[in-house]
Number of protein chains: 2
Amino acid sequence: MFHPDCPSSVMPLRIGDKWSAMIIVCLEDGPRRFSEIRVPLRRTTPKVLTQTLRALERDGMITRTVYAEVPPRVEYELTELGRTLLDLIAVCRRWADEHLPAVLAARELPGVGVGPEG
Amino acid sequence: MFHPDCPSSVMPLRIGDKWSAMIIVCLEDGPRRFSEIRVPLRRTTPKVLTQTLRALERDGMITRTVYAEVPPRVEYELTELGRTLLDLIAVCRRWADEHLPAVLAARELPGVGVGPEG
DNA sequence: CAGCATCCATAGGGATACTG
DNA sequence: CAGTATCCCTATGGATGCTG
């Protein structure tokens, strides 16, 4: 338990942040341009999107290809390694489909004073 | 894509934070006391542990049972719902075992100016 | 178009000290 | 033992405006 590759390190490791998982899914069907990624992600700001993309690139999950054209074009594409995340994300989605209602239901009942209860 | 139960909501939803996954695993084999959880988690501060436990409880992942004894005893235990996370976490661990080396290797090579490169 | 620079708000996590 | 209370720091994410 609790080596460097324990779940608590891994979860935030690459898909635990707010946008990475969505970007990965976004790239599932092939390369996408910066602005093509931006739109479905509910209009993330460019800064945040760039940050996330750079981090994914650094970790070997995606490649970034710049085309010397005007107007500029940059394409992002999943690597082999990045594609392995698709399975992981799929499992998470399945978990959510199945159990999220129960979670939300549990949140409704008061009793644990975490939320704003006045 | 991108309903309320999309992966980007789910990942941070319950196991994306720093300690939840470890706590879940900690409770895998039965109820545990506050201090029993605290130790393997590399001595998290009580505040942080309490926060995380309360959040897990609120989401219906664990139960909290107080025994009216001296000295006080409180036990935390996984619910049915909480147990479903064990599978999810196991999948994540397996992903890590398999691919973490590649991630770390990718991080070694410079080229993407995210890290501190001077 | 694809970003970078700048400034800003907040939440997560933590250190330390104290209590029922 | 099992927390609370208080203070603090940093990382994440965001808004706005500018540039090659």
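What is the order of the strands in the open sheet of chain B?

## The sheet of chain B

In this predicted model, the three strands of the open sheet in chain B follow the order β1-β3-β2, and their pairing is antiparallel. β1 (32-33) and β2 (62-67) of chain B are the edge strands; each has a single partner strand, so one side of each has no neighbour in the sheet.

The antiparallel pair formed by β2(B) and β3 (residues 73-78) of chain B runs over six bridges. B:Thr63, for example, has B:Glu77 in β3(B) as its bridge partner. Helix α4(B) packs on this sheet, where it touches β2 and β3 of chain B. The direction of α4(B) makes about 115 degrees with that of β2(B).

## The surface near DNA strand C

There are 20 residues around DNA strand C, and those that come nearest are A:Ser35, A:Arg64, A:Tyr76, B:Lys18 and B:Lys47. By class, the residues of this surface are nine nonpolar, three polar and eight charged. At least two residues each come from α3 (34-38), α4 (46-58) and β3 (73-78) of chain A and from α4 (46-58) of chain B. The largest share, four residues, is supplied by α4(A).

Which parts of DNA strand C lie within 4 Å of the protein? Of those atoms, 64% belong to sugar or phosphate, and the rest belong to bases. One phosphate oxygen of DNA strand C is 2.5 Å from an N or O atom in the side chain of A:Tyr76. With A:Pro72 the backbone takes part: one of its N or O atoms lies 3.3 Å from a sugar or linking oxygen of DNA strand C.

## The surface near DNA strand D

DNA strand D is surrounded by 20 residues, of which A:Lys47, B:Ser35, B:Arg54, B:Arg64 and B:Tyr76 are the closest. Nine residues of this surface are nonpolar, three are polar and eight are charged. Here α4 of chain A and α3 (34-38), α4 and β3 of chain B each give at least two residues. The largest share is the four residues of α4(B), the helix that also packs on the sheet of chain B.

Of the atoms of DNA strand D within 4 Å of the protein, sugar or phosphate accounts for 64% and bases for the rest. A polar side-chain atom of B:Ser35 is 2.6 Å from a phosphate oxygen of DNA strand D. A polar backbone atom of B:Pro72 is 3.3 Å from a sugar or linking oxygen of DNA strand D.

Notes. Residues numbered from 1 in each chain as written. Chains lettered and ligands numbered in written order. Predicted model: local features only at pLDDT ≥ 70, side-chain atom pairs only at ≥ 80, totals over all residues. Heavy atoms only, no water. Near = heavy atom within 4 Å. Polar contact = N/O pair within 3.5 Å; in protein donor to acceptor, adjacent residues only side chain to side chain. Nonpolar A, V, L, I, M, F, W, Y, C, P; charged D, E, K, R; others polar. Pairing = 2+ DSSP bridges. Contact = heavy atoms within 4.5 Å. Axes fitted to C-alpha atoms, helices over the stretch in contact; angles between N-to-C directions.
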